[in-house]
Amino acid sequence: MLDSKPTINNKSQVSLRTKDIVAAYTLLRIVVGVNYFNHGFTRIFDVPSFINAMVSTMQDSGIPEFLVRMNAGLVPPVELIVGALITVGFLTRSALIACFVLMIILMYGITIIQNWDGASSQLIYNIVLFILLAGVNFNQFSVDNWLKNRRN
C-alpha cells in the first residue's frame, strides 16, 4: 500500500509513504552513482595498469587476451560515465541498463575463473541495480524529472 499519509485505525497498520520511497530511492541512486563514478575515476588515470591487471587475472580463463584487453579498457570510462549520470539522475534508465550490461560482462568473466566471492559481491550490485531500475518512477529528485517538468 502506497499512501502519502499513513492510515491510522483500530489496527496497527504499516504503510509506505510515497515521499519516503522517493527519498530512499534518491539516496540509493546517489550512493550507487558515486560508487560507480569512483570505480571509474580511480582507474581512468591509469587504464593501462588496470588492463594489465585484468589480463593477469583472466590469463587462465580461456578468453582471448585481445578480448580481455578490449573489455578491460572500456570498464573505467563506462563506470565513470554511468556513475556520473546515475548520481545526478540524468538518463537514469539508460545508465542503469548500461550498468546491467557492464555487470553481465563482468559476471561472465568472474564466474568463468570461478571467483565465487567476487560473483556474490556482483550479485548484490545487480540486486541494487534491479531495485533502482524497477523503481525509476520514484526518480523525482533528478535531472530527468527537472527536464520533464521544464518541458511541461
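**View 1. The buried residues of helix α2.** In this predicted model, helix α2 spans residues 47-57, and its buried residues are Val 47, Phe 50, Ile 51 and Val 55. Seen down the axis of α2, these buried residues fall within an arc of 135°, so they line one face of the helix.

**View 2. The packing of helices α4 and α5.** Two packed helices are described by the angle between their axes and the distance between the axes. Helix α4 covers residues 92-112 and helix α5 covers residues 116-134; they pack at an angle of about 165°, with axes 10 Å apart. Angles over 145 degrees count as roughly antiparallel, and α4 and α5 are therefore roughly antiparallel to each other. The crossing in which α4 passes α5 is left-handed.

**View 3. The residues between α4 and α5.** On the α4 side, the contact is made by Arg 93, Leu 96, Ile 97, Cys 99, Phe 100, Met 103, Leu 106, Met 107, Ile 110 and Thr 111. On the α5 side, the contributors are Trp 116, Gly 118, Ala 119, Gln 122, Leu 123, Tyr 125, Asn 126, Leu 129, Phe 130, Leu 132 and Leu 133. Sorted by class, the contact of α4 with α5 has 16 nonpolar residues, four polar and one charged.

**View 4. Leu 91 in the loop between α3 and α4.** Most residues other than glycine have a negative phi. Leu 91 is not a glycine, yet its phi is positive, at about 50°. This residue lies in the loop that runs between α3 and α4. Leu 91 is partly exposed, with a relative accessible area of 44%.

**View 5. Gln 114 in the loop between α4 and α5.** A positive phi is also found at Gln 114, about 60°, although Gln 114 is not a glycine. The residue is placed in the loop between α4 and α5. With a relative accessible area of 54%, Gln 114 is exposed.

View 6. Val 128 is found in helix α5 and is partly exposed, with a relative accessible area of 21%. Leaving aside neighbours within four places in sequence, Val 128 is in contact with Leu 28 and Val 32. Val 128 and Val 32 are 96 residues apart along the chain, and their C-alpha atoms are separated by 8.1 Å.

Note on methods
Residues numbered from 1 in each chain as written. Predicted model: local features only at pLDDT ≥ 70, side-chain atom pairs only at ≥ 80, totals over all residues. Heavy atoms only, no water. Buried < 20%, exposed > 50% of the residue type's maximum accessible area, 1.4 Å probe, protein only. Helix = DSSP H or I, 4+ residues; strand = E, 2+ residues; numbered from the N terminus. Arc of directions from axis to C-beta. Axes fitted to C-alpha atoms, helices over the stretch in contact; angles between N-to-C directions. Parallel < 35°, antiparallel > 145°, perpendicular 65-115°, else oblique. Left-handed = near helix turned anticlockwise from the far one by under 90°. Contact = heavy atoms within 4.5 Å. Nonpolar A, V, L, I, M, F, W, Y, C, P; charged D, E, K, R; others polar.
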